[in-house]
Amino acid sequence: MAESDPLLSGARGGSGRDCRAGLPACRGVLVGPGAKAGWDLCFDQAVVFIEDAIQYRSINHRMDARSMWLYRWYYSDTCQWILSFIIFSILSLAFIETPSSFTSTSDVRYRMAPWNPPCGLTEGIEVCCLLVFVADLSVKSYLVGWVQFRKNLWLLGYLLVLIVSLTDWTVSLSLVCQEPLRIRRLLRPFFLLQNSSMMKKTLKCIRWSLPEMASVVLLLALHLCVFTMLGMLLFTGEKDDGQDRERLTYFRNLPEALTSLLVLLTTANNPDVMVPAYSKNRAYAVFFIVFTLIGSLFLMNLLTAIIYNQFRGYLMKSLQASLFRKRLGTRAAYEVLSSTAEGDGQPQGVGVKPQDLLQVLQKVQMDSTYKQAIMEKVRSYGDSLLSADEFQKIFNELDKRMTKEHPPRPQYQSPFLQSAQFLFGHLYFDYLGNLIVLANLVSICAFLVIDADVVPRNRDDFVLGILNCVFVLYYLVEMLLKVFALGLSGYLSYPSNVFDGLVTVILLVLELSTLAVYRFPHPGWKPEMQGLLSLWDMLRLANMLIVFRFLRIVPSMKLMAVVASTILDLIKNMRAFGGILVVVYYVFAIIGINLFRGVIVVPPGNGSLAPDNGSLACGSYEQLEYWANNFDDFAAALVTLWNVMVVNNWQVFLDAYRRYSGPWSKIYFVLWWLVSSVIWVNLFLALILENFLHKWDRRGHLQSVSGDLETTYEMSTVELLFRDILEEPAEEELVEKLKRHPHVQLCR
């Protein structure tokens, strides 16, 4: 069947309008030698449509047999893993390229000359990655078709980025890698963005929310300007020494005053900025308190509320569109599978045969748990045709949170073994294990406190060695008893047990190794240091892993379970937000390297490589020894940006880079503060609030959380998180959208 031929026609009970005559239908009208090939094509189309629905993908792509094979291969796990690895590789080149991050420290006082790769090494890896992206763009462009390609801004941007990157790569080789600026390094995060639909949604929501954010940011700017002018007029230095010190330190000129109040907005320099004037007159405190109340407590929280409200609204629109794509995919699958059934010469209706759907589901790539649930539901319909509503309801199983069932426990004939199985499989046996873990933790902490002031060679580790032998022995016995009670498969079905067992095996190996090397503990026993960590130190570090076993008490408390499930949901669904943060960090780090590389230098004439702190201003970059915070390589730039994002002492960076590179450097750091601390952190807070409120509203249905949280309650995706408040698309919308499909024609 040609790719341009209509796949759906009025032959399935429709009136046939808007259809070109003579075009074959998928089902119901195919007869003769080509019937089987036509049915196989329809089955393959249904498979692709269902997989598109599961992954919330658009169905607007080519649907001929060859294109579908290419499409499924492209979205296979292997191909997507390869593409993800290529994206990771090209982003990681920033750590290797000049300036290389291959030094033990980024401190300019102690850093040795880094190893820089020869020209052509990283460039060769990079061009291989770019060629993979060219192939990726070619496949995407072919699958969606030229018409859709011209309308897709992401694909057009993909093409532009590749052209610029390859051109810049050619320039680099022609200049023997000595070019002052590599534009393509700034464009690399685009490859990460365009490969994630959820990141695209998040970025679109941010763009839509910017106008509302800008209104509050402008109000903040007005607030800063007004109080800056008041501060300049108030602290003139003409009345007393306190005013003069305040003016010389924080209000020397307009840029300094604006910077001081901007930092105060984040409370990073509070109360330092107020002390010179306040120490002379209490009344001056009113100025700073009023500024902080209006700016930090009112306007900044108002900005958080606006970002939450706007972002939530636009995120709902994006997720509503995702739900529409999901329903459209399943409806398209229904249309290509539907046929007219006849019995005794009389038509009995139009629908999908359950056996046809089962055959299709066998080929669909999806989670085995969901596939089994859907197939069981299909079998429940027997041989009757599935209507459009019934077909859609079958795939509503994908919207449910599946409960994982544990394997049955082994059956013992002996009453004694049955009693032992009940005892060691009981919840109270876990409580006993938690008490033992607590005792282990207390013993470790007690000896750490006792031996804090004792040098390692004078410590007597006899008692702690005996205790560790006892604890490790208990953990081993506990693991074996649980395997006896639950069976090996039942024991491994609990992630908490898998973690406990892994830690127990590690502890046992380390303990046996320690005993083999140092013999059994005895008075005056001192395992000696060998290398960075002795076996004894490794054993004590491994013991600290047992602390995490205490987290198993969380699911037994419903309110704590809400918080814990919220955290787990966030961890599971943070790829989009984390990806946006990676993109922002990457771009700002590259810009920072180009702007500030090499500007931080150690003052000359210092043989010890460390300035005399007593001669430096208190709280300055030099006095605090912040030398490792610089932009001399990519890794150092990332850490510096992180420290600025936290905003603790970020005024130190503003002052240092103003002195070393110029006052314009403040623009860079203020922009980074706006993007990271104001916008991204508030977006993250919005997701936390929505996630928690959603779980809190469902707290009456949390009985399933009272057991093992990780095994009885499966965390949802972002789409499923808001599923309860999304509206189902109308039947007319779905049919109308299918009629306008560029490669599938629906006629009714």
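**Legends to close-up views**

**View 1. Asp168 in helix H5.** Asp168 is part of helix H5, which spans residues 153–174; helices (H or I, at least four residues) and strands (E, at least two) are DSSP runs, numbered from the N terminus. The model is predicted: local features need pLDDT of at least 70 and side-chain atom pairs count only at pLDDT 80 or more, while totals for chains, interfaces and linings use all residues. Residues are numbered from 1 along each chain as its sequence is written, and side-chain values use heavy atoms, with hydrogens and water left out. Asp168 counts as buried because its relative accessibility is 9% (buried: under 20% relative accessible area, 1.4 Å probe, protein chains only). Leaving aside residues up to four places away in sequence, Asp168 touches Leu181, Arg182, Ile183 and Arg184 (contact: heavy atoms within 4.5 Å).

**View 2. The largest nonpolar core.** This core has 141 residues, of which Phe133 and Leu357 touch the most other members (nonpolar core: buried Ala, Val, Leu, Ile, Met, Phe, Trp, Tyr and Cys residues joined through side-chain atoms within 4.5 Å). Helix H12 (residues 284–337) supplies the largest share of the core, 21 residues.

**View 3. Surroundings of Phe133.** Not counting residues up to four places away in sequence, Phe133 touches Leu83, Ile86, Ile87, Ile90, Tyr158, Leu162 and Phe191.

**View 4. A separate core.** Another core, of 8 residues, lies apart from the largest one; its members include Phe429, Phe471, Tyr475 and Val503.

**View 5. The protein chain.** The chain contains 29 helices and 2 strands. Of its 748 residues, 47% are buried.

Key: Buried means under 20% relative accessible area, exposed over 50%, partly exposed in between (1.4 Å probe, protein chains only).
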